[in-house]
Amino acid sequence: MAADYVDWLRREGRIVIVGASLAGLRAAETLREEGFTGSLTLIGDEPYEPYDRPPLSKSVLLGKASPEHTELPRRRELDAEWRLGVPAAGLDLTGKRVLLADGEEVDYDRLLIATGVRARPWPVPEEAELDGVFVLRTRDDATALTEKLRAGARRVVVIGAGFAGSEVASACREMGLEVTVAERAGAPLVGALGGVIGAVAAELHLENGVDLRTRVTVTALEGDAMGRVRAVHLSDESVVEADVVVVSLGSMRNTEWLSGSGLGAGPRGIASDAGCRAFDFRGIVTDDVFVAGDVARSPHALFGYQFLSLEHWGNAVAQAETAAHNMICPASDRRPHMWMPAFWSSQFGVNIKSVGVPPMGDELMIIQGSTAERRFVGVYGFKGRVVAAVTFDNARWLEYCQRQIEQGAPFPVEYPTVDRRPEGRQPVAADFPDPSLPTHGPTVTLSGYSPADRRLVFTPGHH
Amino acid sequence: MTQPSLVARITDFANRADPYPLYAELRRTPVLHEEEGEPYVISSYWDIESLLHDPRISSDAANMTAAGADELQSESTGLPPSFIRLDPPEHDRLRRIANSAFGPPHEPRRVDDMRGELHTIVTELIDGFAGRTEVDLVDQFAYPFPVTVICRLLGVPREDEPRFRSWVDPLVASLDPETRQSAGPEFVQAAQEARTQLGMYLAGLVEERSKDPRDDMLSDLAAGKGPDGAMTMMEVLSTAVLLLIAGHETTVNLITNGMLTLLRHPEYLQRLREDPELAVNIVEELLRYEPPVQLVPQRTCITDIEVRGVTIPKGSRIWLMLAAGNRDPERFKDPERFDPDRDDLQHLGFGSGIHSCFGAPVARLETQIALAELARRLQDPRLVADPPPYRPNAVLRGPRHLTVTFDGLNP
Ligand SMILES: Cc1cc2nc3c(=O)[nH]c(=O)nc-3n(C[C@H](O)[C@H](O)[C@H](O)COP(=O)(O)OP(=O)(O)OC[C@H]3O[C@@H](n4cnc5c(N)ncnc54)[C@H](O)[C@@H]3O)c2cc1C
């Protein structure tokens, strides 16, 4: 019976994907690759065909790539119906319909939600609307910001020194622009990599001529009579004059359109099982609704089945592939999304990569290289095992670290390696901020470590 | 008498033409240690790949000596070890400087800009076959081509190229474990002598280039631009010697193995003739199927490590059998088949990790152009001997000669 359904679904079912970007595209391609011949619809609120975001804060800002030319390469023909430029506005779970903002409805037999996240805007709307204030998430954002920077900005203020903010600061410096970075924590990247590595990142900023202000928050953006931003006020009472402000305060999950649908969707994303099947708000798994990418929150076996939300490119691809596979196969062939979290960034000429879940670690050991040279491999430990690693210009060791994490290798690391300087012999506190304090944008969030502290809370869909 | 050990059979010249059955035998014992003092031989794809990324595995020549191998210590020639025989941090610093003279971000176009020149060299060499119906592709083509290229890249005058052969041959032969074992002290001395001579010749060049820089790697290495400062003169020399040798022997074998394989699989030769783009896939598959570097014999472990349940004691020598891993059925579907159409074109042909082949971009480009042009221009090429005669070297494996007859040349 169930097998018959899957057979039918693969042949002539209707699959709808909401969110036509990285995860949406890769899922669509996988569906076709795995033999799905039914109808396929991709719904996206942006008017563009799927494009790649990582270059937006790197080569695009530097003018080495144009925002119009970041389309994602296609792996194959899709034969899909594209509904671009129109957001999905609602979901009828029982009727199996997606409601579009233009009033149309799209029926599905199986649905994949891949609506990602959006940039958290500056919280004061009048200030956020000042000319010269930007966020950076979409191609349009990148076009606007690049144009402004090329038009001769005098000073750029970046609010928030997470990965995105740091990359923007780096690109601006490379273009010779004056840059001030304001960060609430004691250093850049602290939320993602901890204070020890954050200190290394801080040196990078300073050495490259960034005016780095830490342990401050921005209290107000000041505009001139023409409605253009002219200064930024900081909590230490200093004022920085600026004609460009890039707000880089992390992201918000695109789940509002699901409010009231009965799906387990809220500000922390859409919870799913390890096989990408969405939970309803009661925590019961649905069978027809799947999620993938930045918007998803799913348990990971390697990390105690904690629910992880990952805003990582590689996660979006892998999760989309798993979701697509599971959508059109019999229950016995489903597989869990077991992707090892991995992230890269490039800033101030340094290639930064991480695997595992650094914020889960409480201790850190440098096992190769040295932080003083800013070329090193650091591994993070939690309760006696290796849970993550970070490399600065040393990415070739990452595979090894990944295997250590997969195998639950013991921490601290006792063995010698071919390049361990004196600083690496002892584990030190990784120095993550108190998780109860808000940060602008960890690239990973964890919730509910053990089944005991997982609570069933219905979170209505407002932020 | 019992059968000789597997390692002995692999290094035995008699098995050079087709070592693959031996590799299959090897893979049955993924961590093979036949005798006290012999290396631990690793032959499965995943194990090799993982050890190439393992920071407990050293490439340092000094550790090798301690492990009781390699009587060919470079120190005795007065040149310091090149980065291939060093661990971080020295390895990283030297490789980074070398890289800044070679690739991005400092010289992003150096390799790609050579495309046109590579074509010209290839065309000249093939034009040289005119009026003949039989050539030795090794002597007439596969050898002179990469040699010319690496000399151009480094900035070595063309007229000096022939002198290298007499220096490079003994040096390369010395990389072969078997040759080294069987050869007497004169052999070792000849290799050291060759290295010293090559070093002295290059020293002269480097001096010229530092006074009068040109657009070549020796000038860049001598000038030491980039964030890591400059190499010492001695470091420049051992780097240049390394690049010269690596630039010589590996690509020669890749091109020759490539032509041999294509002649054994004429359907691909035909397809390549019609579609030169196929060269990209063909070269990747060759690096899996017939890699010029068959094994990496220069690793030791600096602590006890465990591989597939076997504890390899600290200080042991490790051989990574790249060519065996490349045909590991645990990793590849139908591994014994030459199939440039496979959708999973992966290999260990260039190694992996921090020592992965520095010259890979040039080697790829050279071989793609070489094979595509040979396929296009030779009319109905045929092998004269199959298998062809091989070089003795078990590490850098390839035919000594590859005589090919053909009906004529296409323009
Ligand atoms: C500037 C920048 C730099 C980055 N750099 C890196 C990096 O270096 N390394 C890395 O690993 N990751 C990086 N990332 C993160 C990476 O781009 C994301 O993880 C990835 O894009 C996630 O893909 P996704 O498909 O899940 O979500 P998205 O790419 O966000 O796609 C979701 C799509 O759904 C659309 N959508 C939302 N709501 C609706 C709706 N109701 N109806 C229809 N459509 C809707 C959105 O507009 C969007 O087009 C970067 C991201 C940005 C913005």
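Predicted model: local features only at pLDDT ≥ 70, side-chain atom pairs only at ≥ 80, totals over all residues.

Q: Which cysteine sulfur is nearest to B:Cys301, and how far away is it?
A: B:Cys301 is in no disulfide. A disulfide would need the two sulfur atoms within 2.5 Å. The nearest one belongs to A:Cys401, at 19 Å.

Q: Where does B:Asn257 sit, and which backbone oxygen does its side chain reach?
A: Look in helix α13 of chain B, residues 233–264, and you'll find B:Asn257. It has a relative accessible area of 1%, so it is buried. Its contacts beyond four places in sequence include B:Leu286, B:Pro291, B:Arg397 and B:Pro399. The side chain reaches, at 3.4 Å, the backbone oxygen of B:Glu290.

Q: What accessible area do chain B and chain A bury between them?
A: The size of an interface is often quoted as the accessible area lost when the parts come together. Here the contact takes 15 residues from chain A and 20 residues from chain B. Carbon and sulfur atoms carry 56% of the buried area, and the total is about 1600 Å².

Q: Which residues form the salt bridge between chain B and chain A?
A: Between the two chains there are 7 residue pairs in polar contact, both residues at pLDDT 80 or more. The salt bridge count between chain B and chain A is 1. Its closest N and O atoms are 3.5 Å apart, and the partners are B:Asp228 and A:Arg375.

Q: Which element gives the largest share of the side of chain B that touches chain A?
A: In chain B, the elements giving two or more residues to that side are α3 (45–52), β3 (57–58) and α5 (90–100). The residues on that side split into 8 charged, 6 polar and 6 nonpolar. The largest share is 3 residues, and it comes from α5(B).

Q: How many residues apart are B:Arg264 and B:Asp386, which meet in a salt bridge?
A: Their N-to-O distance is 2.6 Å. B:Arg264 is partly exposed at 33% relative accessible area, and B:Asp386 is partly exposed too, at 47%. The pair ties helix α13 of chain B to the loop between β10 (382–383) and β11 (403–405), and the two residues are 122 residues apart.

Q: How many salt bridges are there over all chains?
A: One of them joins A:Glu105 and A:Arg97 at 3.1 Å, and another joins B:Asp112 and B:Arg109 at 3.7 Å. In chain A, bridges with shared partners link A:Lys96, A:Arg110, A:Asp273, A:Arg277, A:Asp287, A:Asp288 and A:Arg334 into one network. Searching the whole structure gives 65.

Technical notes. Residues numbered from 1 in each chain as written. Chains lettered and ligands numbered in written order. Heavy atoms only, no water. Contact = heavy atoms within 4.5 Å. Buried area = accessible area lost by both parts, 1.4 Å probe. Salt bridge = Lys/Arg side-chain N within 4 Å of Asp/Glu carboxyl O. Polar contact = N/O pair within 3.5 Å; in protein donor to acceptor, adjacent residues only side chain to side chain. Helix = DSSP H or I, 4+ residues; strand = E, 2+ residues; numbered from the N terminus. Nonpolar A, V, L, I, M, F, W, Y, C, P; charged D, E, K, R; others polar. Buried < 20%, exposed > 50% of the residue type's maximum accessible area, 1.4 Å probe, protein only.
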